[in-house]
Amino acid sequence: MLAANASLPQEDTPVEVAGQMNVNATADVGALDGVVTARSRLSWWNPYDRVGFSLAREAEFSVSLSGFRSNIDLFVTDARGSLIGYSMNWGTQVDSFEATLDPGQYYVWSIARSYWSTGYTMELAADLVPEPLPDPEQLPDAPPGEIERLPDVAYFGGSNEWGLNSVGAPEAWAAGFTGEGITVAVIDTGVDLDHPDLAGNLFVNTGEVAGNGIDDDGNGFVDDVHGYDFANRDADPNDVHGHGTHVAGTIAALDNGFGATGVAPDATLLPIKVLGDNGSGSSFDVAAGIRYAADMGADVINLSLGGGYSSVIESAIAYAGSVGSFVVAAAGNEYSSVPGFPAQFSGSYDNVISVGAHDSRDAIGAFSNQVGSSGAVQIDAPGVGVFSTYVGGGFASMSGTSMAAPHVAGLAALTLAADPTLTSAQLREFLVSGVVGNSSGSDSIGNASAVYTVAYAAGGASTTGAVNSSGSSQTSSSNTSNGVGASSLDPVLELRSKDDSQRSDESDSVDRAEPSSVNRSAAPVQQDQHHERDQVHQLDSAFASWSSESLEDDASSDLRLLTAK
């Protein structure tokens with residue numbers, strides 16, 4: 001029963017409140033953020049209950065009454081008693097109400113319409129908009145206005161390479177930045193470890209002896225020479241699905257004259273398998289993969305996956321940020337007005353960026369999620385008809401924000417190669433301020449480009465524009481505009497032979513965005529950071545262990561691939 005004047009805790013999962021409701025009882029759940037479930041009873045002696053709650057920020061609010069045997073009506077008022085909304089369904093039909101509410105104090109009234117005694121269940125839920133980000137850290141040295149963009153170069157390759165040219169990768173390569181020295185973790189369905197366009201760039205754990213069944217480097221994982229498979233709990237992160245291999249190729253496929261070429265062709269790929277062969281997996285496996293990537297020194301972590309909110313993934317992303325790992329997350333393919341998770345964490349953490357998908361004609365992908373009122377920090381990148389590596393040593397074209405995110409992960413690697421000292425917050429600021437124009441129909445900050453982003457890093461720019469709470473940026477190089485939503489798109493998966501993927505020296509007729517490029521080399525974690533990192537890891541692991549008992553729903557929830565639907 002709902003206790004009078006009770007103060008209720010807020011959890012990730014529904015909270016059931018115990019206690020006895022008094023006559024005409026009032027109770028207050030305090031600041032509502034999540035879901036609260038309460039039970040009470042109405043009768044001749046207790047004809048109504050009033051439950052108060054407050055909202056710290058704008059929120060999507062909902063309330064429902066159910067499980068009663070005689071008629072109860074539902075009313076919602078503000079602090080002054082003005083009616084916000086109501087539900088007066090007849091008999092035992094569920095009463096419910098939902099609305100977008102501003103910050104403030106509110107009350108939910110459940111009023112009996114019969115003298116018969118009946119119990120009932122009330123569920124209140126509030127999904128708050130993310131807190132505004134603090135102003136990004138200012139960098140020393142020259143302002144962006146004094147730094148020139150990277151010089152244009154000839155169009156690289158043919159129609160298959162439109163994405164590389166769109167993000168200005170060839171311009172960054174010409175300036176000497178190819179991602180060498182930067183490690184990018186691919187947290188996905190794994191990577192084809194034998195693919196000829198990828199094998200030369202795979203991460204090698206020199207502290208581990210392959211196949212001896214011993215954890216030689218003492219990191220808690222046996223024989224993890226080329227990464228780890230958290231889906232199957234072994235040291236073989238090989239991909240049989242295809243999604244992870246496609247993502248890896250967009251980031252760092254070798255520039256060897258055939259097949260596909262990655263945005264950062266000399267970056268190191270760290271394969272981490274968290275999704276099973278069917279393309280789905282648990283939040284806890286994804287979180288474990290993020291932690292592993294951070295501990296192994298990944299400079300950039302690519303998350304081309306998504307699902308609902310997960311506190312364990314949020315905790316892992318916060319940990320990754322504490323040790324210097326930058327997270328690139330696909331916005332999602334639900335043609336929604338806001339990004340999915342984990343991309344939405346970009347509104348709360350400065351080591352995360354959300355990525356939407358645009359096509360070769362600079363139009364937002366029909367499937368791509370928008371920014372909306374989420375507060376996410378989101379840029380767009382090529383994600384429609386992207387040609388890359390595929391399982392079995394092959395190649396394929398695929399569409400989705402899953403394909404857009406690795407373009408930005410590669411760009412981040414190029415930018416870090418230009419300045420390995422950048423923090424995650426500084427790296428994100430350069431990515432945001434280095435955008436070139438907006439795709440038609442998009443409400444993101446703009447299109448990812450190396451021509452400014454890498455130029456800022458290479459030139460020691462001090463500041464490139466502040467990222468504000470709405471996820472927009474102001475900079476001399478960007479051209480922002482608002483867009484509209486989009487409709488669904490069927491998946492695109494077109495397998496190609498190696499012969500079909502040969503590049504041409506001639507310019508292609510594909511309409512393309514202004515060229516841009518990226519690169520960066522990240523310095524390894526310094527020795528004096530190890531103690532702090534270990535302390536954070538221990539505290540974070542303890543929290544994850546404690547919270548696992550109360551997050552059973554989260555543990556069993558599937559993370560789905562963010563390919564076009």
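H407 lies within helix 6, which spans residues 401–418. The model described here is a predicted one. The relative accessibility of H407 is 3%, and this residue therefore counts as buried, the limit being under 20%.

Setting aside neighbours within four places in sequence, H407 makes contact with G163, V167, T250, V263, A381, P382 and V386.

## The chain as a whole

The protein chain contains 10 helices and 23 strands. It has 565 residues, of which 56% are buried. The accessible surface of the chain amounts to about 21800 Å², and carbon and sulfur atoms account for 49% of that area.

The contacts of the chain can also be described by separation along the sequence. Among contacts with a separation of 6 or more, 76% are between residues 24 or more positions apart.

## Nonpolar cores

The largest nonpolar core of the structure comprises 72 residues. Within this core, the residues with the most contacts are V328, I353, I379, V408, L431 and V454. Helix 6 contributes the most to this core, giving 12 residues. Another core lies apart from it and has 33 residues, including I187, V312, A329 and A343.

The surroundings of I379 may be described in more detail. When residues up to four places away in sequence are not counted, I379 touches I353, S354, V355, G356, V408, L431, V432, V435, S444, I445, G446 and A448. Among these partners, I353, V408 and L431 are also listed with I379 as residues having the most contacts inside the largest core.

## Salt bridges

Side chains of opposite charge can pair when their charged atoms come close. A search of the whole structure finds 4 salt bridges. One of them joins D73 and R113, whose closest N and O atoms are 2.8 Å apart. This pair links distant parts of the chain, as the two residues are 40 residues apart. D73 belongs to strand 6 (residues 72–78), while R113 is in the loop between strand 9 (104–112) and strand 10 (118–128). D73 has a relative accessible area of 3% and is buried, whereas R113, with 46%, is partly exposed.

Another salt bridge is formed by D152 and R149, with the closest N and O atoms 2.5 Å apart. D152 is exposed, because its relative accessible area of 55% is over the 50% limit. R149, at 22% relative accessibility, counts as partly exposed.

K273 and D277 also form a salt bridge, and the closest N and O atoms of this pair are 2.8 Å apart. K273 is buried, its relative accessible area being 3%. D277, in contrast, counts as partly exposed at 47% relative accessibility.

## Glycine 30 in strand 2

G30 is found in strand 2, which covers residues 26–31. With a relative accessible area of 22%, G30 is partly exposed, because this value falls between the limits of 20% and 50%.

Not counting residues up to four places away in sequence, G30 touches G52, F53 and S54. G30 and S54 are 24 residues apart in sequence, and their C-alpha atoms are 5.8 Å apart in space.

Conventions. Residues are numbered from 1 along each chain as its sequence is written. This is a predicted model: local features need pLDDT of at least 70, side-chain atom pairs count only at pLDDT 80 or more; totals for chains, interfaces and linings use all residues. Side-chain values use heavy atoms; hydrogens and water are left out. Helices (H or I, at least four residues) and strands (E, at least two) are DSSP runs, numbered from the N terminus. Buried means under 20% relative accessible area, exposed over 50%, partly exposed in between (1.4 Å probe, protein chains only). Contact means heavy atoms within 4.5 Å. Accessible areas come from the Shrake-Rupley method with a 1.4 Å probe; for residues, only the protein chains shown count as cover. A nonpolar core is a set of buried Ala, Val, Leu, Ile, Met, Phe, Trp, Tyr and Cys residues joined through side-chain atoms within 4.5 Å. A salt bridge is a side-chain nitrogen of Lys or Arg within 4 Å of a carboxyl oxygen of Asp or Glu.
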